[in-house]
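Colleague: I would like to go through this chain with you. Please show me the sequence and the structure first.

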Amino acid sequence: MVTQEDYEFAQQNPSFRQRFLDRIDLEDVGQYTKQVKYNPLAEEGEMIPTMRVRRSFGVRGGLIMPLNLGVIFKSTIEVYPSAFDRSFRPKLGDFLSVLIDHEGEHIRRGLTDPFLYIKASMILDEDEMIKLGMEEEIQIYQSQLTNVRKRNCSKRFIRGIEDRLNTYSGAIQFVDCVRPPHKLYKPYLSS
Ligand SMILES: [Zn+2]
């Protein structure tokens, strides 16, 4: 168990961050997770997703990212220095929402449907790949939002997720609009 004070201490003391991560109760995501690892060297820029509207804690690109996504083996979640950025005064709930409800959900989905990523790897069409990724993000943001009250997330954080959800929802419609008819397919994520 960790507290808001622990999180603030970890923000101010980088050497404490791994210990902070080790003490987090990952809830049911714990069974799928090998380790939550602090990576102080990660360049924030290298993980930035292609679509992003506003820089806001938690939904900022590359904050936390699952490795070995979709593999049968347990995953490692890497946490980057930006997850401890104090400039937006993030709450512990914001941090846990990203770690458990977002990245943890990516891991859970990969493990509960191991064929999902095999199917994804068989798609050669770039539009289909982009759409598949966006569909997953939309579903995860939606489920993340159902937990923000329980986590006592900040209003800024919740707005950030809603913005992100709207952006993805708009973008996925755009992909459908510009797609030539012969490229239409049934999204199997919803099947
Ligand atoms: Zn995601």
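Modeller: Helices (H or I, at least four residues) and strands (E, at least two) are DSSP runs, numbered from the N terminus. This is a predicted model, in which local features need pLDDT of at least 70, side-chain atom pairs count only at pLDDT 80 or more, and totals for chains, interfaces and linings use all residues. Residues are numbered from 1 along each chain as its sequence is written.

Colleague: In what order do the elements of the chain run from the N terminus on?

Modeller: The chain has seven helices and three strands. From the N terminus, the order is α-α-β-β-β-α-α-α-α-α.

Colleague: What is the mean pLDDT of the chain?

Modeller: pLDDT is the predictor's confidence in each residue, from 0 to 100. In this chain 67% of the residues reach 70 or more. The mean is 73.

Colleague: For residues 46–72, how many contacts beyond four places in sequence does the model have?

Modeller: Two residues are in contact if their C-beta atoms, placed from the backbone, lie within 7 Å. Over residues 46–72 pLDDT stays under 50. Where pLDDT is low, the predicted coordinates should not be read in detail. With that caution, the number of such contacts for residues 46–72 is 75.

Colleague: Why is strand β3 largely enclosed by the rest of the structure?

Modeller: A residue is buried if 20 or more other C-beta atoms lie within 10 Å of its own, exposed if 12 or fewer, and partly exposed in between, with C-beta atoms placed from the backbone. Strand β3 covers residues 75–79. It is largely enclosed because, of its five residues, the number buried is four.

Colleague: Is Glu 27 buried or exposed?

Modeller: Glu 27 lies in the loop between α2 (17–22) and β1 (33–38). Its phi is positive, near 55°, and it is not a glycine. Most residues other than glycine have a negative phi, and most peptide bonds are trans. With 11 other C-beta atoms within 10 Å, Glu 27 is exposed.

Colleague: How many other C-beta atoms lie within 10 Å of Asn 152?

Modeller: Asn 152 is in the loop between α6 (148–151) and α7 (155–178). Its phi is also positive, about 60°, although it is not a glycine. Asn 152 is partly exposed, and the number of other C-beta atoms within 10 Å is 13.
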